[in-house]
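Welcome! Please open the structure alongside this note and look up each place as you read.

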Amino acid sequence: MKKRTLLLILEGLLFIYAGIAFYYLLWFLIYNVAASFVFFVRFLPYFLMNLIPVYLLFVMHLCLHPVSIKRKKLTLMVNGGVICLLGFLTALFAAIFAINGTYSSIVMGGVTHLYPLDSLLLGLLYSFGGFALYFYGYKKYDGKEDHFPTGKIKQKVLKSIFRPIFALVALFFIGALAHIFYTMDYSMKNWWEMLSFYLLMALPSVELGFYEYGFKEEMDPITSQKKEFHYSVWMALSALLTVLFFFIAYLVNKAFLVESGVAYLPADFLKSIPFGPVILFVSVLVAPLVAFFHFLSPSKKKDTSEDSAE
Amino acid sequence: MNKRLFAVLPFLAVTLGSCGGAAPVLSDYVRSNDLFKGSSSLKILQFTDLHWSMWTDLTKESQYLSGLVKKTSPDVIMITGDSFSSANATTVDTLWSLVDSWKIPWAFVYGNHDESGTYDPAFPARIALSHSFEKGGYCLYQEVDGDNVYGDSNFVINLTDGTKTIWQLYGIDSNSLRFNGLYYDYDVIHKDQIYWYKDEVNLAKANNGGVVVPSLAFFHIPLWQTEYAYRLSNNESSKGTLISSGGVMTESVYSQAPLDLKGTRTYPGYEDTGLFNVVETLGATKGLFYGHDHINDFYAVYHDDAWTGAANDGVLLAYGVKTGNGLYYNEKMIGGALITIHADGTFVPATDYQQVFYSYSEAGL
């Protein structure tokens, strides 16, 4: 197996792990907002423990798709240092809180079976891992090659804002979906209605996967353009069908999400507002439409030639 | 995870197997407990809105609850919903095991947050049922699967002296939310639940030689009559007649309230489905106890047009006192409510309903 393929598989696995972490991270933040942040300091190690995998995923992605070798070195060094620091803080706070009596013991449990011991150990692991990344970046790349892209800055800035937001939506819902064996309604009374929601939750990750591993990896601009067209058409159709399926389920049984989907939508049921479905509709429909309009863009040929020059 | 899957398979088998079973009957919802045993009265402690989450300090909160139970020495504990929110299996296991460890008969009803956790919606009930009397525990909760009564926690506890039912306690699921096309409203006690309640009251009466069996009802989301009574207590025009009242309403104004209740500080269901009217007509239930609004502890003896009793009497409508520091709270308004019922069937709200405020400092925490 090629090294790059292995790294891409690793990124996929990290995506699921980071999704689970992000699901808990967001739930923790939402609950803290409702509870005036009374839990925040006490569970700072927990917060950091769930933040680091998400951060690590973004770092890994940047390293797998660097814009230049020097940028890759900088990415590894700076972010390796940040992960090292965050990991150290996680372990430090877990140790302090266990010693000063904030926690009843080093394995008091509750939030996880081994909390805060797991935070302490993971914090140390992340800290060492972060340092290793820093060191690897420092040693591996000499920084002589320095070719920063200068074209299409506006588009790149927009992408750098909206793609992470989309990725976070995908992460949260794949994290929620990963809990299906714990959280699904075993009475199965709303099984087909919930199926529409499970598909909807999975779709942002599928779209992201197609984009990242589908045509983005393609070096030939013509093939890439064709793949982008196919992607946008298939994804738009899939999204429309899934949203339609969801609406049919809702029209048949308006109570199905309230009865069986509470665990997947903590913010919705804490604040009585349907954030989740709305965010999902927008996300799954907008992404393929953007890809489709990008394909139709008259400057496409010129843009792809610029891309290949990079 | 495989272990969990295997754990679920018997449950699935039971669920599927029950599909072809006989239709549930009224007695399926009833558990009897010989609690009076010759004594003249019983004390019921109401907990509400504990909101234990996966981030709750389980040790501290357990000590707090145990202290409150020690202070009040109840004979029965009723928990009126939102015991959990953003919880996990450990949270549920810990709370139900703690409550059962006091060796005091107990039951709970679902609130609108209890299903919000990293478990399936039926998990809190399943764990509670694992502590039932049949299994050596003290839980009186009952749930009838595959029935036509909406919701889950609809049950009746017959408190007996020997074989004679002296009092009944009704657990009614006030459900959680209803999507109105734009946002979620709080749900209501559905009509079919009210028919079920009516049938149970009538069955108890028939089994008692045609004499009404007195009862109390416990659920989570307040009824619209709470707001009517509150308006009357503030000398505003409203429906019904207020006999007496106490406590406060300090929640913020409910911006999504139904038009008829604009400006209310109660957070009730989206409509009045008529439970209070039926309660008045049947004349069995002396008090309705609920929670939901953490910093409201208003209570009132109130009646409306359907009232059949004495003009200077009514039904007690009472918010519980929020129990513990889960989610948001006012530190001067936490504890529980103590309800005393008498073997002669009497219940006098002025003396038999007591708010018990219990702070963390009093608990030594």
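The points below take up a few places in turn.

1. A word before starting: this is a predicted model. Please keep that in mind with every value that follows.

2. Let's begin where the two chains meet. Here 31 residues of chain A are in contact with 31 residues of chain B. On the chain A side, the elements that give two or more residues are H1, helix H6 (180-183), helix H9 (256-260) and helix H10 (266-271). H1(A) provides the largest share of that side, with four residues.

3. Next, have a look at the loop that runs between helix H1 (3-34) and helix H2 (44-64) of chain A, where you will find Ser36(A). Although Ser36(A) is not a glycine, its phi is positive, at about 55 degrees. Is this residue, Ser36(A), buried or exposed? It has 10 other C-beta atoms within 10 Å, and 12 or fewer is the cut-off for exposed, so Ser36(A) counts as exposed.

4. Chain B has a positive phi to show you as well. Lys37(B), a residue other than glycine, has a phi near 45 degrees. Its place is the loop between strand E1 (30-33) and strand E2 (41-47) of chain B. Lys37(B) is exposed, because 10 other C-beta atoms lie within 10 Å. As background for these angles, most residues other than glycine have a negative phi, and most peptide bonds are trans.

5. The peptide bonds deserve a look too. Which kind of peptide bond joins Tyr115(A) and Pro116(A)? The bond is cis, with omega about 0 degrees. Pro116(A) sits in the loop between helix H3 (69-99) and helix H4 (117-140) of chain A.

6. Finally, please visit Val243(A), which is part of helix H8 (residues 221-252) of chain A. Which residues does Val243(A) contact, leaving aside its neighbours within four places in sequence? They are Phe281(A), Val284(A) and Leu285(A). The C-alpha atom of Val243(A) is also 7.9 Å from that of Ser196(A), although 47 residues separate the two along the chain. As for its surroundings, Val243(A) has 19 C-beta neighbours inside 10 Å; a buried residue needs 20 or more and an exposed one has 12 or fewer, so Val243(A) counts as partly exposed.

Conventions
Residues numbered from 1 in each chain as written. Chains lettered and ligands numbered in written order. Predicted model: local features only at pLDDT ≥ 70, side-chain atom pairs only at ≥ 80, totals over all residues. Contact = placed C-beta atoms within 7 Å.
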